[in-house]
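Please read it alongside the sequence and the model shown here.

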Amino acid sequence: MDSSLGELRREVRGLCREWREAGRYRPRPDAWLRSFDLAFSRELAGRGWLGMTWPKALGGGERSNRARLVLTEELLRAGAPVAAHWIGDRQIGPSVLRHGTERLQREILPGIAAGEFVFCLGMSEPDAGSDLAAVRTAATRVPGGWRIDGRKIWTSHAHRATHAYLLARSERSEVKHVGLTEFVLDMTASGVSVSPIVDMAGSHHFNEVVFEDVFVPEHRVIGAVGNGWAQVTEQLSYERGGPERVLSTYPVLAGLLDAADDGLAAEVGELVARLATLRALCVQVADSLDAGEAPVRAAATLKYLGTAFERDVLECARRATGSGVIAPESPLGEAILAAPGFSIRGGSSEVLLSILAKQEVRR
């Protein structure tokens, strides 16, 4: 066992405890999506904990994905406010590092690693449901780059983002997976407008983003033009294969453990055992990333099983409350209000099963 990982775990726990005891944040479930604090993200950046697997020349720390897993596990367990950097650090940076040109890497990666750039995801579209390939946002070639026209929805923190990742249709094809291209664009660009979507808890992190005649320079293309589907499928391994797929409800599970309800002891014990297995799968994904692979199958499996696990944590917690009122601002209340999105974000359970079936056929 690498002793530096244990030291890193202690350091992260210490930082979170320090901020929590100073009243600088309140632990929340689903914190990677709902708890935004740019100062906290920049504190992590100052310690070298953003972009920590990337080359030092690009602002990174050249550490392992296992080290990053230790970091993210502890931040999620603590319910820390990590939403400002999560998308950029988790998937956009690695995607740019894997497919982007040297110019794009130099332009984007140091800003993410410093906590200066905040990314939002321009993937989902109105009326498309969970079908990511049903992209209608159009990318049209113009001198020096591309013109973007279309809409994206459920775009978390677009109102705070400095940059957007965008999946757009760069050519028409009868096969919907063909002709997609990935872009990085500035949220301050002319023609970008953001409208809030307030959820049923009264919280605003979702948005609809409209692109009207937005210019994106040629060098802001990620990878090859028209290869967007293959690249985004790899990128989703980063999104689906992390511990947030099993630890978003950890503050609720911790409450169950602290309550020590004898009537639910066996059920809680089973949840803890399942979590241990899912954490082992997270390690498998991290090791695959360290080997330079894109673990599509393992990440889809983790997301599918993690969705069921987090649902069962909430159901167990509901039973533990009996007939009591669940306060919306409590960890359980917040998690219940967030739960409808668990099975959709990162791919619905049906989509994940389809991915797993196709991967099995190819073996």
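Arg318 is found in helix H11, residues 296–321, where helices (H or I, at least four residues) and strands (E, at least two) are DSSP runs numbered from the N terminus. The model is predicted, so local features need pLDDT of at least 70 and side-chain atom pairs count only at pLDDT 80 or more, while totals for chains, interfaces and linings use all residues. Residues are numbered from 1 along each chain as its sequence is written, and side-chain values use heavy atoms, with hydrogens and water left out.

**Arg318 and its surroundings**

- Arg318 counts as partly exposed at 37% relative accessibility; buried means under 20% relative accessible area, exposed over 50%, and partly exposed in between, with a 1.4 Å probe and protein chains only.
- Leaving aside neighbours within four places in sequence, Arg318 is in contact with Leu332 and Ile336, contact being defined as heavy atoms within 4.5 Å.
- Between Arg318 and Gly333, the C-alpha to C-alpha separation is 9.6 Å, and the two are 15 residues apart in sequence.

**Overall architecture**

- The chain contains 13 helices and eight strands.
- The chain is as compact as a globular protein of its length, because its radius of gyration of 20 Å is close to the 21 Å that the globule rule gives for 363 residues. The radius is taken over C-alpha atoms, and the rule is 2.2 Å times the number of residues to the power 0.38.
- Taken along the principal axes, the box filled by the C-alpha atoms is roughly 70 × 45 × 40 Å.
- Of the 363 residues, 52% count as buried.
- Among contacts between residues at least 6 apart in sequence, 73% join residues at least 24 apart.

**Surface and charge**

- The accessible surface of the chain is about 15800 Å², and 52% of this area belongs to carbon and sulfur atoms. Accessible areas come from the Shrake-Rupley method with a 1.4 Å probe; for residues, only the protein chains shown count as cover.
- There are 43 positive and 46 negative side chains, and the centres of the two sets lie 1 Å apart. Lys and Arg count as positive and Asp and Glu as negative, with His and the chain ends not counted; each charge is placed at NZ of Lys, CZ of Arg, CG of Asp or CD of Glu.

- Glu234 is located in helix H7, residues 228–240. Its side chain forms a polar contact of 2.7 Å with the side chain of Arg98. A polar contact is a pair of N or O atoms within 3.5 Å; within protein, one must be able to donate a hydrogen and the other to accept it, and residues adjacent in sequence count only if both atoms are side-chain atoms.
- Glu234 and Arg98 are 136 residues apart in sequence, with 9.8 Å between their C-alpha atoms. Not counting residues up to four places away in sequence, Glu234 touches Arg98, His99 and Ala294.
- Glu334 belongs to helix H12, residues 331–338, and is buried with a relative accessible area of 12%.
- The side chains of Glu334 and Arg28 are joined by a polar contact of 3.1 Å. Beyond four places in sequence, the contacts of Glu334 are Arg26, Arg28, Pro29, Pro328 and Glu329.
- Asp199 occupies the loop between strand E6 (192–198) and E7, and counts as buried at 17% relative accessibility.
- A polar atom of the Asp199 side chain lies 2.9 Å from the backbone nitrogen of Ser203. Apart from neighbours within four places in sequence, Asp199 is in contact with Arg34 and His205.

**Glycines and backbone geometry**

- Gly51 lies in the loop between H3 and H4 and is buried, with a relative accessible area of 1%.
- Gly51 touches Gly60, Gly61 and Asp89, not counting residues up to four places away in sequence. The C-alpha atoms of Gly51 and Gly88 are separated by 8.9 Å, and these residues are 37 apart along the chain.
- Glu62 is placed in the loop between helix H3 (38–46) and helix H4 (65–77). Its phi is near 55°, a positive value in a residue other than glycine.
- Asp213, in strand E7 (residues 204–217), has a positive phi near 55° and is likewise a residue other than glycine.
- Gly6 is part of helix H1, residues 3–21, and counts as partly exposed at 27% relative accessibility. Its C-alpha atom is separated by 8.5 Å from that of Val70, 64 residues apart along the chain.
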